[in-house]
Number of protein chains: 2
Amino acid sequence: MTDKKLVTPRKLQGFWELMPNEEMMFENMLSKLKVVFENNCFLPLDTPVAEYSDILLAKSGGDLDKEIYRFTKGNNDICLRYDLTVPLARFVAMNYNVLEFPFKRFQIGKVYRGERPQKGRFREFYQCDADVIGIENLPLSYDAECIKLYEPCFNAIGLDCVIEISNRKILAGFFESLNKQDKMIDLMIVVDKIDKLPKEEIFVMLKDLGLTEVDIENLFAIISTKGNFQEIKEKIEKITDNVEYQNGIKELETVDKYLKLMNMKDGSFLYNLAIVRGHNYYTGTVFEAYIKGKRSLGAIGGGGRYDNLCGNFIDQNMQGVGMSIGITRLFDILRSENMFDNCQNLGTMVGIITFDETFDAGIRLMASLRNDGFKADRIGEGKSFKAKMKEANRRNIPFVIILGEDEVKNQTYTLKVMQTGEQMTLTYDDLKKKLK
Amino acid sequence: MTDKKLVTPRKLQGFWELMPNEEMMFENMLSKLKVVFENNCFLPLDTPVAEYSDILLAKSGGDLDKEIYRFTKGNNDICLRYDLTVPLARFVAMNYNVLEFPFKRFQIGKVYRGERPQKGRFREFYQCDADVIGIENLPLSYDAECIKLYEPCFNAIGLDCVIEISNRKILAGFFESLNKQDKMIDLMIVVDKIDKLPKEEIFVMLKDLGLTEVDIENLFAIISTKGNFQEIKEKIEKITDNVEYQNGIKELETVDKYLKLMNMKDGSFLYNLAIVRGHNYYTGTVFEAYIKGKRSLGAIGGGGRYDNLCGNFIDQNMQGVGMSIGITRLFDILRSENMFDNCQNLGTMVGIITFDETFDAGIRLMASLRNDGFKADRIGEGKSFKAKMKEANRRNIPFVIILGEDEVKNQTYTLKVMQTGEQMTLTYDDLKKKLK
């Protein structure tokens, strides 16, 4: 063996991989989210990790983004997916005739981006999206539904959320009222930076884009508005009577009505008209999700309303609204804040320690306990008693059963509660009760 | 829109993708298996879909198999994984110092093989493996554990299993006793084909490999043996006193003892010495899993004992034993045998039908029901009553609530059980009871 050339075992940099105890916590988190999505009647989808390149790059007109993993195999030009939205668009377009609309789907899956790995940035990481797709006119109640969805999702993992909501039409209408349609994208980008740059710098950028001081003052009046719907409406409705602007306000009002009908908690949502979201495909409602009391950690998710999802694939106007949760970030936060303390013992729950003569009885006990739904395993097969106890400690196993010859003879079980050191001798039925 | 060039929406051939209703059933199956693995104290692992090529190809000495998806990105030579075993070996070697051994892990994940797509063969498909890895000497009780594991797995999805078990040492010892060590691999390959080819053809192949008629007779005496352990032992133990051969029989005897201690059902396992498994890395126990009463469907999984898992990565002898379930095949079988009949309504359970004036009340009801754990959704928002009822039927929604103005006024709910046509008017509390 030693004369063989070894390959150093290593993992691709920036690719997601957890140690088993962390993986248990991560899967625990995912399964809780999954239950919420299902409970809200979103259907699961699991698209391939790879797609034809012309499908994935249709939006960009076929330009190869250097972040994308692209390769050929035989005659096929293939990309690893960089998000879950384009595969959704492909799926909906392909199955347009057999799906029920509005089509509500969620997907939790890995995506690939070849960016330089750095703290908090991965090349392979999970995305978690829930979207509602409709034909032509998708009602605004679905915008509210996607926002409301954060509440049970966050609650399921022991957190409270605050969703900050806006509608892109308000700013779009405002810029339109200033005849700045041609600068729209640039102006939105500046607004998106409002939290990250000093006010003076923003001021200069806006002036460079042709806004007057009065325009800028009005813009700040809009985007510095934060509060419940009535508060923001009173502050901004008089600024311009531009139709798009007023439509944006009306749409927000409708969403607000539904959020209240859906019984979303008062402190769980507010309106912040500085929210625009980076992606230009959003056309109406936009929102960002924060952990309540921890806004400084940044948005843990976001989403909004978009038009024409499948425009590159079929000649049919599909509208959608979607929400996403940054689950790898969320997991990092939960882990670093020790919010998984109660998940330390997801592995072996009952360790069975035997002696040479009682090993077979131990195997029989292990099988019985498993059959009765307990996570039982033998500890340190072949090792000394001391080594077995050490291992049980090291592995954080909460309950240990010590099986000596007397116990086997009397059909009793000596149970040790590791945290307290408490020790008791029980019948099998009492043992089961105790372990429950 | 119409003057835009459209890209035909299509999926990579042979890549796994289910429609949402099937995906629900598939995930339902996976989550049941997952519970069994966890209950048996196997830890979850989720390795990246891609690995450095020299890692994945270490076993083959770096030869590029044409089935493998391989590409470069920047300076990295990358392959998509073709199984879950090599990534496990890499993971264990990398984390050798921090893992507890025996290390029990399960993984359910996609793997990639660029073979020609055909019925039942995929280029992207799921594998489901459970392995136990030990340092130097892994006890035989783990071989039994992996075999026994099929029983709760199959039971969890409503099936019974029959596991056919052998030990490679028996045939290896037999061929050694004939001084055929140099032809070992070829001989094993012939034995592996015994079920697929006519006996005469096998006979010729064995003769070509240098076996005499007496040898072949003895070989057939061994491999045609099927039954419980005592039966096969009596039939074959006298054939040769070769040490390896006798060791194989002894190991089987030990595994048999543990299977009985683990309370595996009598009809759930038997010994079939024709089982060798294709992979040459198996060194001891080998087994194949069948659906009880449906052997003709072929093996739904298999596994065995192997040495030196990490031999390409670290200078440390790691032994393992593993079992795998062909879950994409299993799913196809369950689906084609209509074994998912009871899973038709995993989506929306309660459809809410409202009229213009009661729509808001319907949204409020939807939120309440969801909050109380029911999968409720409004049906056909904006459509006519008739279209709504049609949609509820088409979508197979079992319960429909019709919410008229009277109901809203009286705070009652008219529930229609779609299968029977039964209709009743209930308070919210009674509605909840009825839906449970």
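Two residues are in contact if their C-beta atoms, placed from the backbone, lie within 7 Å. This is a predicted model, in which local features need pLDDT of at least 70, side-chain atom pairs count only at pLDDT 80 or more, and totals for chains, interfaces and linings use all residues. Residues are numbered from 1 along each chain as its sequence is written, while chains are lettered from A and ligands numbered from 1 in the order in which they are written.

Q: Which residues is Gly351(B) in contact with, leaving aside its neighbours within four places in sequence?
A: Gly351(B) belongs to strand S13 of chain B; helices (H or I, at least four residues) and strands (E, at least two) are DSSP runs, numbered from the N terminus. With sequence neighbours up to four places away set aside, the contacts of Gly351(B) are Asp377(B), Ile379(B), Ala392(B), Ile397(B) and Val400(B).

Q: Is Gly351(B) buried or exposed?
A: A residue is buried if 20 or more other C-beta atoms lie within 10 Å of its own, exposed if 12 or fewer, and partly exposed in between, with C-beta atoms placed from the backbone. Gly351(B) has 27 C-beta neighbours inside 10 Å, so it counts as buried.

Q: How far apart in space are Gly351(B) and Ile401(B), C-alpha to C-alpha?
A: In sequence, 50 residues separate Gly351(B) and Ile401(B). In space, the distance from C-alpha to C-alpha is 6.2 Å.

Q: Within what arc do the buried residues of H11(B) fall, seen down its axis?
A: In helix H11 (residues 327-336) of chain B, the buried residues are Ile327(B), Leu330(B), Phe331(B) and Leu334(B). They line one face of the helix, because their arc (that of the directions from the helix axis to the C-beta atoms) is 100 degrees.

Q: What is omega for the peptide bond from Phe101(B) to Pro102(B)?
A: Pro102(B) is placed in the loop between helix H3 (85-94) and strand S5 (103-112) of chain B. The bond from Phe101(B) to Pro102(B) is cis, and its omega is near -5 degrees.

Q: What is the phi of Asn396(B)?
A: Asn396(B) is in the loop between helix H13 (385-394) and strand S15 (399-403) of chain B. With 13 other C-beta atoms within 10 Å, Asn396(B) is partly exposed. Asn396(B) is not a glycine, but its phi is positive, at about 65 degrees.

Q: Which residues have the most contacts inside the largest nonpolar core?
A: A nonpolar core is a set of buried Ala, Val, Leu, Ile, Met, Phe, Trp, Tyr and Cys residues joined through C-beta atoms within 7 Å. The largest one has 242 residues. Ile147(B) touches Ile163(B), Ile165(B), Leu259(B), Phe269(B) and Phe287(B), not counting residues up to four places away in sequence. The residues with the most contacts inside the core are Val92(A), Ile147(A), Val92(B) and Ile147(B).

Q: Which element gives the largest share of the side of chain B that touches chain A?
A: The contact takes 70 residues from chain B and 70 residues from chain A. The largest share of the chain B side, six residues, comes from H1(B).

Q: Which C-alpha of chain B is nearest the axis?
A: Chain B can be laid on chain A by a turn of 180 degrees and a shift of 0.0 Å along the axis, with an RMSD of 0.1 Å (least squares on the C-alpha atoms of residues with pLDDT of at least 70 in both). The two copies are thus related as by a two-fold rotation axis. At 3.0 Å, the C-alpha of chain B nearest the axis is that of Phe71(B).

Q: What separation do the centres of domain 1 and domain 2 of chain A have?
A: Chain A is divided into domain 1 (20-341) and domain 2 (347-435), with bounds from an automatic or database domain assignment. Taken over C-alpha atoms, their centres are separated by 50 Å.
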